Structure formats: C-alpha cells, structure tokens
Amino acid sequence: MTRLHLTHTLLLQKAASNSTGIQTLLEAEKEASKIVQKARTYRVQRLKDARAEAAKEIEELKTSKNEAFRNFEQEHAGSSDQTSRTVEVETEQKRVEIETAFGKNREAVLQKLLETVFTVEPKIHPNARFN
C-alpha cells in the first residue's frame, strides 16, 4: 500500500472511531435526560400526593374540631338557659331591694338635696388675687 492510501485508511478509521464516540455520548446524554425527566416527574407526583394527603388531614381535623365544638355547645346550652333564669331571678330580687331602699330613703335624700342647693355660703376662692 502506498503511503497516501495508508493515511487515508487511518483517517477513515479515526473518523469512524470519533463518530462512534460521538454517537455513544449522544446516547448517554439522551439516557441522562430520560433519568432527569423521570426524577422530575416523580418529584412532581410526590408533591401532588403530599398536598392531597395534607388536605385530607386538614379536612379530618376540621371535621373533628367542628364535632367537638357542637358537642361542647350541646353540653353547655342547657346550663346557659338555667344560668339565664338564675340571673333573671337575682336581677328581680335586686330591683325589688333597690325600689324598697328608694322608697325608704326618698324623703331624706330629697331633703338633703334641697338643703344643699338652697344653702349658699359665699366664700372667696383660694386662687383669687386682689391687687
């Protein structure tokens, strides 16, 4: 073989080798891209699942708290009516006591008020200055 033919053959082998290497790199890049895409898809799915699970737990907690509140209201609703009646009775008793005290002390208070209004004792104000 001639030297030119040998060089040409070596260049063709090298080109083929480079082409195979480039092809291998491209395939590896495609595979890596697929792996990254799968990881992204998995992460997005896990986030969706976590959100759904959190929403479900929140709803269950909300339902539980609402039920506890309704039970609390029912337990204390009866005592509220009873407490209301007790307060009304006590209020009526106090009103009667005040009216009785008013009737008993009415004349004395009126007399004291009139005496205070009509009894005038002129005095010089302590801050008054005379030049």
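The dialogue below goes through the fold, the salt bridges and a surface patch of this predicted model.

Colleague: What should I know before reading it?

Modeller: Residues are numbered from 1 along each chain as its sequence is written, and side-chain values use heavy atoms, with hydrogens and water left out. In this predicted model, local features need pLDDT of at least 70 and side-chain atom pairs count only at pLDDT 80 or more, while totals for chains, interfaces and linings use all residues.

Colleague: How many helices and strands are there in the protein?

Modeller: Helices (H or I, at least four residues) and strands (E, at least two) are DSSP runs, numbered from the N terminus. The protein has one helix and zero strands; helix α1 covers residues 3–118.

Colleague: What share of the residues counts as buried?

Modeller: Buried means under 20% relative accessible area, exposed over 50%, and partly exposed in between (1.4 Å probe, protein chains only). Of the 131 residues, 0% are buried.

Colleague: How many salt bridges does a search of the whole structure find?

Modeller: Side chains of opposite charge can pair when their charged atoms come close. A salt bridge needs a side-chain nitrogen of Lys or Arg within 4 Å of a carboxyl oxygen of Asp or Glu. The search finds three. R70 meets E67 at 2.9 Å, N to O, and the two lie three residues apart in helix α1. R95 meets E92 at 2.4 Å and E99 at 2.6 Å. Shared partners join E92, R95 and E99 into one network.

Colleague: Is R95 buried or partly exposed?

Modeller: R95 is partly exposed, because its relative accessible area is 38%.
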